[in-house]
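Colleague: Hello! I am new to this structure and would like to learn how to read its helices. Could you guide me?

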Amino acid sequence: MSLPVLDDAQRAAGLRRMKMVATGLLVVLAVIFVISFALQDRYPWLQYVRAAAEGGMVGALADWFAVTALFKHPMGVKIPHTAIIPRKKDQIGASLGQFVESNFLSEEVITQKLGSMELAQKAGAWLERPESAARVATEGSAAIRGILRVLDDDAVKTVLESMFRRHVVDPPWGPPMGRVAERVFEEGHHHQLVNLVVDSINDWVEANPDVIAELVAQRSPSWVPSFVDDLVGDRVQVEVGRFLRAVQEDENHEMRRALDNYLKGLARDLQEDPAVMAKADAIKEQVLDDPRVQQLITQTWATIKNALTTAVDDPDSELTRNFKAAVQDFGHRLATEPELAGKVNTWISDAAGYLVKTYSSDIAGVITETVEHWDAQETSEKIELQVGKDLQFIRINGTVVGSLAGLAIFTVAHAVFG
């Protein structure tokens, strides 16, 4: 059960009541002392009452002085070692900071506490609830909208262009392309592409017999009869078709071997031959310096921004639904998979331990610096509001104990000495 939280006004009212009670007891004992002292000769039993009242007044005054000396000079008299809190404010703040750092901001204490809390399992149980996932999505959407609103479009475009140039344009393309191509050619992944090209050429040749005949006729001397051109064209088409079918059917065909050797040699040259590498970089520059490519890079951010804005503004968008599903799935895994939860708990403990180990002095320093900036009188009043009510019980207890002690001392003395 949590304790009620009181504001400063309620604490001040409670403190005033307790001061009135403690002071009222002192006044009552003073009245009793005066009456009993005046009548003790007529009524001897009042000597015991006087002794009790006298002891109670001494105890009440002593404890009043002790309690008052913590916060101010009693009755305004600057007695040494009084007004302790205003005078020792900075030392109290430093001691409090050191106490918190040593006892609460210890790496061992933090990691042990976090390790026993099973934060991952609790977070998982919360995240897998639909309403929790919806809340996370809502907060995430608000964060994304805020980020998109703050970001400067021109600055983002500049960063994208800079990253594209640094990671795509500036590095040489020859060696990495050569390494990739060499692996592809060594493992034979290009054979399917070769088959596709040969099949396409063969289909085209079969579908366009007149083209070959026209090419032969265009390139033959004018004095050659046309029937000869037709015979030659037919023969060329037959031989080309026969050659292409041979390449299709024979995986070890001479043309395939020659093509493999050429491609493997090109892959090596891209890695080793400066001239070939220079040609690759020249082609890269020609392609990437095209204004349309630059425009595409510039439009990338606008496209991403518009897509994100539209998605986060629509609670039923595919992005939002997928995000909610991902949050619930992650929460379910955290709640049901001990291994994953253990890893997350370990990560949280390690991260918290590192932060405490690295920044505990800075965190505790906040307490010290805050107290140092407080006004001495304000500090005294703040502390008195927090503990002053309980300190008034000390005055009350001192009054009661003093009365009992005075009565006991007088009784013993009277019994011994008469």
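This is a predicted model: local features need pLDDT of at least 70, side-chain atom pairs count only at pLDDT 80 or more; totals for chains, interfaces and linings use all residues.

Colleague: Which residues of α4 are buried?

Modeller: They are Lys 89, Gly 93, Gly 97 and Val 100. These residues lie on the same side of α4, because they cover an arc of only 75 degrees around the axis. Their packing partners are α3 (84-87), α17 (338-373) and α18 (376-417). On the face turned away from the buried side, you will find the exposed residues Gln 98 and Ser 102.

Colleague: Is Ser 349 buried or exposed?

Modeller: Ser 349, which belongs to helix α17, has a relative accessible area of 9%; that is under the 20% cut-off, so Ser 349 counts as buried. Leaving aside residues up to four places away in sequence, Ser 349 touches Thr 111, Leu 114 and Gly 115.

Colleague: At what angle do α6 and α17 pack?

Modeller: In general, two packed helices are described by the angle between their axes and the distance between the axes. Here, α6 (residues 119-127) and α17 pack at about 120 degrees, and their axes are 8 Å apart.

Colleague: Which residues meet there?

Modeller: From α6 come Leu 119, Ala 120 and Gln 121; from α17 come Ala 341, Val 344, Asn 345 and Ile 348. Among the residues of this contact, five are nonpolar, two are polar and none is charged.

Note on methods: Residues are numbered from 1 along each chain as its sequence is written. Side-chain values use heavy atoms; hydrogens and water are left out. Buried means under 20% relative accessible area, exposed over 50%, partly exposed in between (1.4 Å probe, protein chains only). Helices (H or I, at least four residues) and strands (E, at least two) are DSSP runs, numbered from the N terminus. The arc is that of the directions from the helix axis to the C-beta atoms. Contact means heavy atoms within 4.5 Å. Axes are lines fitted to C-alpha atoms, for helices over the stretch in contact, and angles run from 0 to 180 degrees between N-to-C directions. Ala, Val, Leu, Ile, Met, Phe, Trp, Tyr, Cys and Pro count as nonpolar, Asp, Glu, Lys and Arg as charged, and the others, Gly among them, as polar.
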